[in-house]
Amino acid sequence: MSLGVGVSPGNVAVHHGVGSLKSMDRKVKVAEVALRCLILVLGVLVASLVATDTQVKKIFSIEKKAKFTEMKALVFLVIANGIAAGYSLIQAIRCVVSAVKGSVLFSKPLAWVIFSFDQVLAYVCLAAVAAAAQSAVLGEFGQTELEWMSICNMYGKFCNQVGEGIVVALVVSISMVSISCLSAFNLFRLYGKNKGTAGDI
């Protein structure tokens, strides 16, 4: 088919580019929803594993109960993952609603807010895992220089369940880092060459 007067080959490339952008946006949105749902489920799992973990030990006719509130690092871990789970639920709902409405891209102020919250939560989750892991190492091996004894010899079940929670929390942290990368991509592409198409998608 020959090109008519006033029609340039460049018009075809423009339409193709918009279609490719739409396809990429949908893939990014699906990945974001999947990650946020994963964080939601695993965040609740971490909070449940650690918060419900208790073990009673009888020492010289005195009962001692190990629970997560005895270690501030574990309290921080539970709170951080609880917040991450709640925040991910809200963002997952936002993603689904925007996909249903057909608005894939969003305004710069909203993109900055999401980017900022994702960054903060990623750092918070990483800090919580690091603090909990350090406490777990002290609980497992003690600290001979300070004459701190290992408590996991006495509270084996408690330590094992906390360890499981920390491993799951590590996955949550990695997922939060991935989400923060996605939100950075969503934000900074609004300043790129395709920024003019944001309102059309």
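**View 1. Leu74 in helix α2 of the predicted model.** Leu74 is buried, with a relative accessible area of 1%. The model shown in this and the following views is predicted. Leu74 is found in helix α2, which covers residues 72–101. Not counting residues up to four places away in sequence, Leu74 touches Val50, Phe68, Ala132, Phe158 and Val162. Ala131 is 57 residues from Leu74 along the chain, and the C-alpha atoms of Leu74 and Ala131 are separated by 8.1 Å. Leu74 counts as buried because its relative accessible area of 1% is under 20%.

**View 2. Met176 in helix α4.** Met176 is found in helix α4, a helix made up of residues 156–188. The relative accessible area of Met176 is 0%, so this residue is buried. With residues up to four places away in sequence left out, Met176 touches Ile39, Asp118, Leu121, Ala122 and Cys125. Leu126 is 50 residues from Met176 in sequence, and the distance between Met176 and Leu126 is 8.8 Å, C-alpha to C-alpha.

View 3. Ser175 is buried, with a relative accessible area of 5%. Leaving aside its neighbours within four places in sequence, Ser175 is in contact with Leu35, Leu38 and Ile39. Ile39 is also among the residues that Met176 touches.

**View 4. The largest pocket and its lining.** The volume of the largest pocket is about 270 Å³. Its lining consists of 14 residues, and those that lie nearest the centre of the pocket are Lys65, Ala66, Glu70, Ile151 and Tyr155. Strand β2 (62–67) and helix α3 (108–141) each supply at least two lining residues. With four residues, β2 gives the most to the lining. Sorted by class, the lining holds eight nonpolar, two polar and four charged residues.

View 5. The unreviewed UniProt entry carries the annotation "transmembrane region" for residues 33–52, 73–100, 120–141 and 162–185. In the model, the span of residues 33–52 is 95% helix and 0% strand, and its end C-alpha atoms lie 28 Å apart. The span of residues 73–100 is 100% helix and 0% strand, with its end C-alpha atoms 40 Å apart.

**View 6. The chain as the setting for the close-ups.** The chain has four helices and two strands. From the N terminus on, these elements run α-β-β-α-α-α. Of its 201 residues, 38% count as buried, and Leu74, Ser175 and Met176 are buried residues. Among contacts between residues at least 6 apart in sequence, 81% join residues at least 24 apart. The accessible surface of the chain comes to about 11,700 Å², and carbon and sulfur atoms account for 69% of this surface.

How values were computed: Residues numbered from 1 in each chain as written. Predicted model: local features only at pLDDT ≥ 70, side-chain atom pairs only at ≥ 80, totals over all residues. Heavy atoms only, no water. 1 Å grid on protein atoms, 1.4 Å probe; cavity = no way out; pocket = protein on both sides within 12 Å on 5 of 7 lines; lining within 4 Å. Points joined across faces, edges and corners; volume = space filled by probe spheres on them. Nonpolar A, V, L, I, M, F, W, Y, C, P; charged D, E, K, R; others polar. Buried < 20%, exposed > 50% of the residue type's maximum accessible area, 1.4 Å probe, protein only. Contact = heavy atoms within 4.5 Å. Areas by Shrake-Rupley, 256 points an atom, 1.4 Å probe, with all protein chains shown as cover. UniProt positions renumbered as here; feature names shortened; annotations may be inferred.
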